[in-house]
Amino acid sequence: MKKIVFLTGTRADFGKLKSLIRQVEDSLDFEAHIFVTGMHMMQKYGFTVLEVEKAGFRNIYKYINQHSADTMDVVLAKTITGLSDFVKEVQPDMIVVHGDRVEAMAGAIVGSLNNTLVSHIEGGEVSGTIDELIRHSVSKMAHLHYVSNDVAKRRLVQLGERESSIRIIGSPDLDIMSSGNLPSLEDVLGKYEIPFSDYVVLMYHPVTTELDKLKENIKQVVDAVIASGKNYVVIYPNNDHGTDTIINEYQRFENNERVRLFPSIRFEYFLTLLKYSKLVIGNSSAGVREAPFYGIASIDIGTRQSNRASAPSITSTKEDKADILTTIDKVYARQYPAYQEFGCGDSDIQFMQSIQCDDLWATDKQKVFVDKA
């Protein structure tokens, strides 16, 4: 029986990995192990390790890799140390990482330096800020690539990766989005005590290469939110450097009956909120990936998601109160056809078919750079 370790550091990447983990967990040929770290282990961001535990997976290992004052390089070092010890104990056949966080980079480093196959989910994409550098670095350390579309595949080929190592499976969170098993809106509103059913979802993260502008940028966003007169569900930013600047600005929402603020929302409940929202605004990938899949209008603010998606439901604007307000009025409650730029909801099946092939497990761990003529 082959052992596969899935590494998760945030609610977002757990949502991306969950359907894949379930397929592995339910198979008689594989044994799933989950290494839970990062924001999952921090009370400040909702202690979302509880969400992982509630999923009912058998083998969960929890590791605290940071404190709030730690910089990304320190978090990377701590994660490498903890994961290295774990890998030496479990002796996995594969490590699966997702995206562009430092935890993913740690997983790729530990796997490649210990001659363990590394599979990277959703490589080959542009992310903006420091995340994009991390994503491409992870791809260069990974042996296998599970990408969301042909554009991502072409980028990996451009990076010198072998075409035979790349499989297009779509974005795995769409598996859950299209499953038909999400909670009802009534249940979600009740669980989180949200007193309105017509609302906008706001998620805004730090752009680590623009920290000098962050205080003014988030002020413009909050000014627009308050001035719009709409109802909002606001979710905390990720824990990149600058997050406290955003959270401090969100204090202006206190005692505002039109705003409900949350450190985190359980993934399936978040998807329901997204599905029934009137609009998604901010600079989260949810606005350029998940929202278009549901046909929901989104406003992409600033540079963080530049050039990442092309759905007609996405409107880009800068961090300017007047521009944001104008755009809110323009696209609020507008519906679009479902857009499947990142797959159609069967990533888990395609992933499982891939790892069931004997040839995959014979993948050469000595990587080579493929020059293009």
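How many bridges join S6 to strand S7 (residues 166-168)? The answer is 3, and the two strands run parallel. Hello everyone, let me walk you through this one.

First, some housekeeping. This is a predicted model, where local features need pLDDT of at least 70, side-chain atom pairs count only at pLDDT 80 or more, and totals for chains, interfaces and linings use all residues. Residues are numbered from 1 along each chain as its sequence is written, and side-chain values use heavy atoms, with hydrogens and water left out. When I say helix (H or I, at least four residues) or strand (E, at least two), I mean DSSP runs, numbered from the N terminus. Strands pair if DSSP finds at least two bridges between them.

Back to S6, residues 144-147. Leu144 and Tyr146 point one way, His145 and Val147 point the other way, and all are buried, meaning under 20% relative accessible area with a 1.4 Å probe, protein chains only. On the pairing side, strand S5 (residues 117-121) joins S6 in the parallel sense over 3 bridges, with isoleucine 121 opposite tyrosine 146. Valine 147, in turn, stands opposite isoleucine 168 in S7.

Now the other sheet I want to show you. This open sheet has 6 strands in the order S10-S9-S8-S11-S12-S13, with parallel pairing. Strand S10 (259-262) and strand S13 (314-317) stand at the edges with a single partner strand each, so one side of each is left without a neighbour in the sheet. Inside the sheet, S8 and S9 pair over 4 bridges in the parallel sense, and methionine 203 has isoleucine 235 in S9 as its bridge partner.

Helix H11 packs on this sheet, touching S8, S9 and strand S11 (279-282); contact here is heavy atoms within 4.5 Å.

Definitions and conventions: Buried means under 20% relative accessible area, exposed over 50%, partly exposed in between (1.4 Å probe, protein chains only). Axes are lines fitted to C-alpha atoms, for helices over the stretch in contact, and angles run from 0 to 180 degrees between N-to-C directions.
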